[in-house]
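Reader: I am new to this one. Please take me through a single part of it, closely and in one go.
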Amino acid sequence: MKEIYNYFRYFYALKTQRKENMKSTLETLINKIAILIFSLLFSSSIYAQKNGLPTTKTNTFWERVNIGGSLGLAIGNDFTNITIAPSAIYNFNNYFALGTGLQYSYLRQKNVFTSNVIGGSLIGLFNPVEEVQLSIELEQVNVNNTYQDLGNNQKRNFWNTGLFVGGGYRQENITIGGRFNLLYDSDIDIYGSAFMPFVRVFF
């Protein structure tokens with residue numbers, strides 16, 4: 001009976017020792033992992049400071065602003081439309097930007113009319129992928145027309161609103177594409193067509 005008691009006592013002591021060894025091994029492993037993580041973070045911080053890299057990224061308002069604009073040209077059927085539109089945009093992130101701009105356009109329908117257009121616009125840009133840029137633009141312009149076909153060069157002055165949706169191929173800061181006026185009215189002779197190609201550049 002005493003031998004059986006000693007056997008169980010020995011077995012219990014061995015089991016308790018194994019638990020303590022496992023606990024000690026687990027604590028040692030956790031400590032090593034914590035030291036490794038701390039070392040990696042500390043060395044990354046030293047590397048960043050040594051190489052002059054900022055540990056936190058800060059963006060001011062003007063770092064997100066791009067200046068540029070677009071050029072438009074439409075020629076056909078004795079019609080010419082040249083547009084210069086400087087603008088500035090604010091980049092919310094790599095996908096969305098919003099901006100405003102000014103516009104001057106010269107339009108001419110041979111032997112019919114000549115027009116000077118001055119105004120402003122609001123533009124929103126969306127880049128679903130790096131090479132593609134989609135746009136929506138609200139334009140309000142003042143139109144000064146001179147009509148040649150009436151014999152005495154009569155003039156007309158009025159305001160016109162355009163809502164353009166567009167898209168183009170983007171390579172770095174240059175986008176080449178076209179835009180379509182959803183509010184185009186053939187009875188209003190500001191544009192000869194609802195579609196206009198463009199080249200848009202921002203720096």
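Where is the place of Val199?

Author: Val199 sits in strand E8. Strands are DSSP runs (E) of at least two residues, helices (H or I) of at least four, numbered from the N terminus. A word on the source: this is a predicted model, where local features need pLDDT of at least 70 and side-chain atom pairs pLDDT 80 or more, while totals for chains, interfaces and linings use all residues. Residues are numbered from 1 along each chain as its sequence is written, and side-chain values use heavy atoms, without hydrogens or water.

Stay with Val199. Its relative accessibility is 35%, so Val199 counts as partly exposed (buried is under 20%, exposed over 50%, partly exposed in between, with a 1.4 Å probe and protein chains only). Ile176 lies 23 residues away along the chain, yet the C-alpha atoms of Val199 and Ile176 are 4.6 Å apart.

Val165 belongs to strand E6, residues 154–171. Val165 is partly exposed because its relative accessibility is 32%.

Now back to strand E8, and on to the largest pocket. That pocket has a volume of about 430 Å³. Strand E8 (195–202) gives two or more residues to the lining, as do strand E2 (79–91) and strand E4 (113–129). In total, 21 residues line the largest pocket. Closest to the pocket's centre are Asn66, Asn91, Asn93, Asn94 and Arg170. By type, the lining divides into six nonpolar, nine polar and six charged residues.

How values were computed:
On a 1 Å grid over the protein atoms alone, a cavity is a set of points where a 1.4 Å probe fits but cannot get out, and a pocket is an open set with protein on both sides within 12 Å along at least five of seven lines; lining residues have an atom within 4 Å of a point. Grid points are joined across faces, edges and corners, and a volume is the space filled by probe spheres set on the points. Ala, Val, Leu, Ile, Met, Phe, Trp, Tyr, Cys and Pro count as nonpolar, Asp, Glu, Lys and Arg as charged, and the others, Gly among them, as polar.
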